[in-house]
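This report goes through the aromatic pairs, sheets, helices and nonpolar cores of one protein model. Please look at the structure first and then read on.

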Amino acid sequence: MKEAGELEMVVFPWLAFGHMIPYLELAKRLSARGHAVAFVSTPRNLARLPPVPTRLLSPRLRFVPLKLPRVDGLPEGAESTADLPPGNDELLKKAMDGLAAPFLDFLVDEAAAGKRPDWIVHDFCHHWVPPIAREHNVPCAAFLVCSAAFVAFLGPRWANAVHPRVAMEDFTMTPGWMPPPSAIAYRRRSEAESMADAFRANASGVSSMDRVWTMFERCRLTIYRSCEEVEAGMFALLTDLLRKPAVPAGVLLPPVVATDDEGRSEVLRWLDEQPPKSVIYVALGSEAPLTLNNLHELALGLELAGVRFMWVLRKPAGLFEAAGGNVAEGGVLPDGFEGRIRGRGMVQTGWVPQVAALAHGATGAFLTHCGWGSTVESFAFGLPLVMLPFVIDQPLIAQAMEEKGIGVEVPRDDTDGSFNRDGVAAAVQRVMVNDEGKLLASRARKLQEILADQTAQERYIDNLVEHLRRYRDDGCQ
């Protein structure tokens with residue numbers, strides 16, 4: 001039986017690990033406060049999530065598998081964006097839309113068992129969840145794991161109608177609804193084109209922006225993986241733009257899991273042998289649209305920079321197969337590269353405990369694609385950034401970090417976004433070798449000190465819970 005004040009929650013992320021992990025962190029914090037949370041995803045994705053402490057499991061935190069329906073053209077066994085080539089997620093969205101009926105059955109079963117949810121917390125693309133929830137008189141909240149500034153840049157449907165954006169060039173200008181002194185806009189043509197694509201129809205049958213706008217309109221409040229210390233004033237702006245509460249949940253960092261020597265990963269053992277703050281950690285996520293030329297230029301740039309590095313080379317679907325499945329000689333890396341960098345560089349293609357690697361005393365900087373999750377993790381450990389953004393919110397996040405003075409971007413061609421080894425080497429040396437790097441690191445450490453206040457971060461969750469209680473009975477959406 002539910003205790004007084006306890007909330008019954010369902011959380012339902014998009015099928016990408018960059019979304020599922022922060023959803024899991026939110027679920028853990030809610031369950032630790034005594035609330036019951038059902039985490040919904042597909043069987044294979046649930047099996048790949050990090051382990052959850054036993055004390056948080058059933059009945060407070062449980063995992064609900066929904067079988068993903070088959071869709072023509074979607075590879076067998078693909079249940080997340082990590083299983084697909086970058087930029088090919090439209091069919092996965094179509095498959096996820098097919099979860100509407102199983103999700104409805106789940107809600108019916110929950111109600112029959114006396115566990116009707118107080119809230120459903122869903123992601124950006126779940127435009128079909130609120131109508132189902134309304135049938136059962138359950139309010140919805142959207143949890144957005146991108147930066148709040150990016151959500152403001154997208155804007156609601158009404159703002160886009162007043163200030164229409166129809167051409168690629170429109171996305172290289174600050175939206176008319178953003179107050180000064182904001183100058184948020186895409187700088188390069190390739191970046192603006194990728195954003196313009198989100199407004200067009202795709203193979204899922206619903207454009208990405210139609211999903212987002214419908215989600216804005218049908219949820220009762222919006223939640224963000226962010227805080228005032230990082231994005232000051234943005235939540236008041238979003239509350240005004242979206243005409244409903246915009247609630248920061250804090251940065252929701254996963255814990256650094258301590259391991260004994262026997263269970264310590266190869267990456268951490270290698271870092272143990274390096275001098276303090278001497279290594280740049282390199283990771284571009286699992287979904288960056290990398291070409292073979294991109295990989296070669298990045299590799300040769302790291303070699304030219306002459307500094308120690310740990311490169312987590314995640315498998316870009318389709319690229320390794322084209323290279324015969326071999327990352328080393330004759331594969332996706334330049335000929336002789338691993339031999340030339342042996343001793344000062346390491347390339348790791350398997351799973352890496354990224355938070356532990358970033359927290360390691362040998363790590364002095366982070367070369368990142370500027371996904372919001374990775375950027376937030378860099379804040380926690382005071383690391384300056386070398387930034388190599390590609391798509392969606394990444395270029396805008398890179399600009400924001402540059403404005404904060406904690407990172408430098410690898411020079412790119414303004415038309416096609418290409419980069420070369422000399423630009424990579426120069427950016428790495430600015431952060432790791434030159435005096436400028438000391439100033440960048442100092443600013444990054446100041447941000448770290450602010451976000452290290454765990455009491456303040458926990459207050460964001462407490463404030464979120466208060467919003468959930470307050471708006472739970474405030475009419476149907």
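## Aromatic pairs

The structure holds 15 aromatic pairs. Rings of Phe, Tyr and Trp (its six-membered ring) pair if their centres lie within 6.5 Å; planes under 30 degrees apart count as stacked, over 60 as edge-to-face and the rest as tilted. Y281 and F366 form a tilted pair, because their ring centres are 5.5 Å apart and their planes stand at 55 degrees. This pair links distant parts of the chain: Y281 is in strand β8 (residues 279-283) and F366 in strand β11 (residues 363-368), 85 residues apart. Helices (H or I, at least four residues) and strands (E, at least two) are DSSP runs, numbered from the N terminus. Both Y281 and F366 are buried, where buried means under 20% relative accessible area, exposed over 50% and partly exposed in between (1.4 Å probe, protein chains only).

The rings of W311 and F337 have centres 6.4 Å apart and planes at 85 degrees, so this pair is edge-to-face. W311 lies in strand β9 (residues 308-312) and F337 in helix α14 (residues 337-341), so the pair ties together parts that are 26 residues apart in sequence. W311 and F337 are both buried. Elsewhere, ring pairs join F12, F103, F106 and W128 into a cluster.

## Basis of the model

This is a predicted model, in which local features need pLDDT of at least 70 and side-chain atom pairs count only at pLDDT 80 or more, while totals for chains, interfaces and linings use all residues. Residues are numbered from 1 along each chain as its sequence is written, and side-chain values use heavy atoms, with hydrogens and water left out.

## Charges over rings

Which ring face does R165 lie over? R165 lies over the face of F153, at 5.1 Å from the ring centre. R412 lies over the face of F390, at 5.1 Å from the ring centre. A charge sits over a ring if NZ of Lys or CZ of Arg is within 6 Å of the ring centre and within 35 degrees of the ring normal.

## The sheet of 6 strands

An open sheet is formed by 6 strands in the order β10-β9-β8-β11-β12-β13, with parallel pairing. Two strands pair if DSSP finds at least two bridges between them. At the edges are β10 (345-348) and β13 (407-409), each of which pairs on one side only. From one strand to the next, the twist averages 15 degrees. Strands β8 and β11 run parallel and are joined by 5 bridges; I280 has A365 in β11 as its bridge partner.

Helix α12 (residues 292-305) lies across β8, β9 and β11 and runs at about 160 degrees to β9. Helix α17 (residues 394-404) lies across β12 (385-387) and β13, at about 130 degrees to β13. Axes are lines fitted to C-alpha atoms, for helices over the stretch in contact, and angles run from 0 to 180 degrees between N-to-C directions. Contact means heavy atoms within 4.5 Å.

## The sheet of 7 strands

An open sheet of 7 strands has the order β3-β2-β1-β4-β5-β6-β7, and its pairing is parallel. Its edge strands are β3 (61-65) and β7 (246-248), each pairing on one side only. The twist here averages 25 degrees from one strand to the next.

Strand β1 (residues 8-12) and strand β2 (residues 36-41) run parallel, joined by 4 bridges. V11 has F39 in β2 as its bridge partner. Helix α4 (residues 100-112) lies across β1, β2, β3 and β4 (119-122), running at about 170 degrees to β1.

## Nonpolar cores

A nonpolar core is a set of buried Ala, Val, Leu, Ile, Met, Phe, Trp, Tyr and Cys residues joined through side-chain atoms within 4.5 Å. Among the 67 residues of the largest core, F12, F103, I120, W128, Y224 and L238 touch the most other members. Helix α6 (residues 148-154) gives the largest share of this core, 7 residues. Leaving out residues up to four places away in sequence, L238 touches A148, V151, A152, Y224, R243, K244 and A246. A second, separate core of 37 residues includes L268, A356, L385 and I397.

In helix α8 (residues 189-197), the residues E191, A192, S194, M195 and A196 are buried. Their cover includes α6 and α17.

S147 lies in the loop between β5 (140-144) and α6. Is S147 buried or exposed? S147 counts as buried because its relative accessibility is 4%. Not counting residues up to four places away in sequence, S147 touches E231, W372, D393 and I397.
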